[in-house]
Amino acid sequence: MMLKLALRNLWGAGLRTVLNVAVLSFAFVAIIWLQGLYEGMNQQASQALLREAYGGGQYWHPLYDPYDPLSIIDSQGLLPVKIDSFVHRKQATAILLIQGTLYPQGRVQTVVISGIDPDQRVLDMPVDVLKIDDSDIPALLGTRMAKTCGLSTGDAVILRWRDRNGTFDARQIRIVEIMHTNVQMIDNGRVWIPLHKLQEMTLRPNEATLVVLDRSTTRTASADWTFHNTDELLQDIHELVKVKQIGGMVLYVILLFLAMLAIFDTQVLSIFRRRKEIGTLMALGMTRWQVVRLFTLEGALHGIFAALLAAIYGIPLLVIYARHGMQLTDAVDSMGISLGTQLYPVYSTGMILATVVIVLTTVTVVSYLPSRRIAKLKPTDALRGKRA
Amino acid sequence: MADDNCIQTRDLVKDYSLGQQRVRALNHVTLNFVCGEFCGVVGPSGSGKTTLLNIMGSLDSPTSGRAIVLDRDIASLTHKEAAQLRNHHFGFIFQTFNLLPVYSVFENVEFPLLLLGYPASERKKMVLEALEWVKLTDKEKARPNQLSGGESQRVAVARAIVKKPKIVFADEPTANLDAQNSRHILNIMQSLNRQLQTTFIFSTHDEKVIQFLRRVVTLEDGRVTDDRVIENSGSES
């Protein structure tokens, strides 16, 4: 009965209901769209990191700390037997990191020289270009690094490093390819050369700094080298996206606030205009709280209709958007998350349900707040059209 | 049952605040109404008629004194108990009809039965019967804004009597109607009073209504100044 009456009242309110539902449905779609963008950002960045940098997890030399550049000086060593067996079976790839200096066009650029096996298949990097046997050391750079140094394919440049005895040495390297990658950590400040060359140059045969495991291989315990699973490795990117998400929340709090303001306003107006009807309902035998529930239900129904309307135009819109993605500009690169040229939003059922529940709960609370005034209204005052 | 006291008021006082002032709307009103009466409270505007009806109808509570309606003391009722009393035993007819604008005629009349939880089939039967009493079966699908004043008040009468309440309170029921419609409505109410033994209590200052009443209580400045039984009241003829 109450639902029927509430529905009829909403229908009777005509344009006011349409406007409220439209505004609220826009808030629904916008919030889900924004959440989808962040979820897409998270997944896209995570997948790129797993594909091109983290694989199925990493074993680190005991002294290696990626947040401390100075730790690179001492974090090289022979691979423990168990880890070495993964590398031999091509289930993992070893990476040797050495501090170095590049001298592009007379400038000095501190770099991390990264030795990687050109035959590896663990990481999705075009390192097979390093197989070229030349008098110069073949080197692979990312686009960002190449831009910073002003280098392009075919350029030769002097690279300086220290070997295991602390002796400085320098040689010319030749850029054999500039790779496009979304992952900044394998690009910025990195010079990729063949592992065996770097081991020779630094007098560190069979040594490495870290070992990247294949995504299908299960880790094994190792006494010295610490294993870092993908959850741990991706924690930073998750945190970063979360920070961006909090920034984005401001927008949907504003959206939701505007929609709620419309509902609140409608409720206040409705209670003011319909006092005589409230009095009649009480005279007919409805309790004050039943009337409060009726008005709250009317407000909450705005949310339900908005969710339905949002589903009608929002689902096709969001599906098309998820398929075609959003064109990103280079400026996005400076956000700290590299996503490539296209961002594909991801909408999970959980996220959509959570958004719907949050919006509906907020609408119900906002509808209830002004309706509480009815509980203070005397039936006689309501019938006379007096205020509470 | 006809001689049983339906309503008793004892030294009923109702004061209102009007800014800084206290206004006494009812001044020690003591009255008895027996079940099945067709009675009117008459008097000029501001004499306390509506206030008295509101208190007897459990829509308001007295400042002092007692109003015992169907063996319940109005002053001691909680909001919920008062709502239940209205729901089960009272019908109301207002000067401005007070129909729910979004409901059809049928649904307006059905509404009190929905509150009482009657099953759908029984509701339908009772609503059609009530619409038959007020001769509005052909308008059951119409909306209140499609009805004339007389028709609207007949719907309000049907809504008040559909659940066959013990008492119907009618506050100036003919004030917005022309003479012909007023007479028609009063005839209907008089006939329902006879058929269903429902007590009708009116507040009015309309001479046309007074002609139909079997008892007239006159209020002036909140006091009962006259209480008389009329032997030959107006009839359906």
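Two strands are taken to pair if DSSP finds at least two bridges between them, and strands (E, at least two residues) and helices (H or I, at least four) are DSSP runs numbered from the N terminus. The model is predicted, so local features need pLDDT of at least 70 and side-chain atom pairs count only at pLDDT 80 or more, whereas totals for chains, interfaces and linings use all residues. Residues are numbered from 1 along each chain as its sequence is written, chains are lettered from A and ligands numbered from 1 in the order in which they are written, and side-chain values use heavy atoms, with hydrogens and water left out.

In chain A, strand β1 (residues 58-60) runs antiparallel to β10(A) and is joined to that strand by three bridges. Within this pairing, A:W60 has A:L210 of β10(A) as its bridge partner. Strand β10 of chain A spans residues 210-213 and also pairs with strand β3 (residues 92-103) of chain A, in the antiparallel sense and over four bridges. Buried denotes a relative accessible area under 20%, exposed over 50% and partly exposed the range in between (1.4 Å probe, protein chains only).

Two packed helices are described by the angle between their axes and the distance between the axes. Helix α7 (residues 275-283) and helix α8 (residues 288-324) of chain A pack at about 135°, their axes lying 9 Å apart. This angle makes α7(A) oblique to α8(A); angles under 35 degrees count as roughly parallel, over 145 as roughly antiparallel, 65 to 115 as roughly perpendicular and the rest as oblique. Axes are lines fitted to C-alpha atoms, for helices over the stretch in contact, and angles run from 0 to 180 degrees between N-to-C directions.

In chain B, strand β1 (residues 5-18) and strand β4 (residues 64-69) run antiparallel and are joined by five bridges. B:V13 is placed opposite B:S64 of β4(B). On β4(B), an antiparallel pairing with strand β5 (residues 72-73) of chain B comprises two bridges, and B:V69 has B:R72 in β5(B) as its bridge partner. The two strands β4(B) and β5(B) form a hairpin with two residues between them, and B:L70 in the turn has a positive phi of about 50°.

Aromatic rings of Phe, Tyr and Trp (its six-membered ring) pair if their centres lie within 6.5 Å, with planes under 30 degrees apart counted as stacked, over 60 as edge-to-face and the rest as tilted. By this rule, eleven aromatic pairs are counted over all chains. The pair B:F38 and B:F202 is edge-to-face, because the ring centres are 5.0 Å apart and the planes stand at 70°. This pair links distant parts of the chain, B:F38 being in strand β3 (residues 38-42) and B:F202 in strand β8 (residues 199-204) of chain B, 164 residues apart. B:F38 is buried at a relative accessible area of 1%, and B:F202 is buried at 0%.

B:F90 and B:F169 are likewise edge-to-face, with ring centres 5.2 Å apart and planes at 85°. B:F90 lies in strand β6 (residues 90-93) and B:F169 in strand β7 (residues 167-171) of chain B, so the pair ties together parts 79 residues apart in sequence. B:F90, B:F92, B:F94 and B:F169 form one aromatic cluster.
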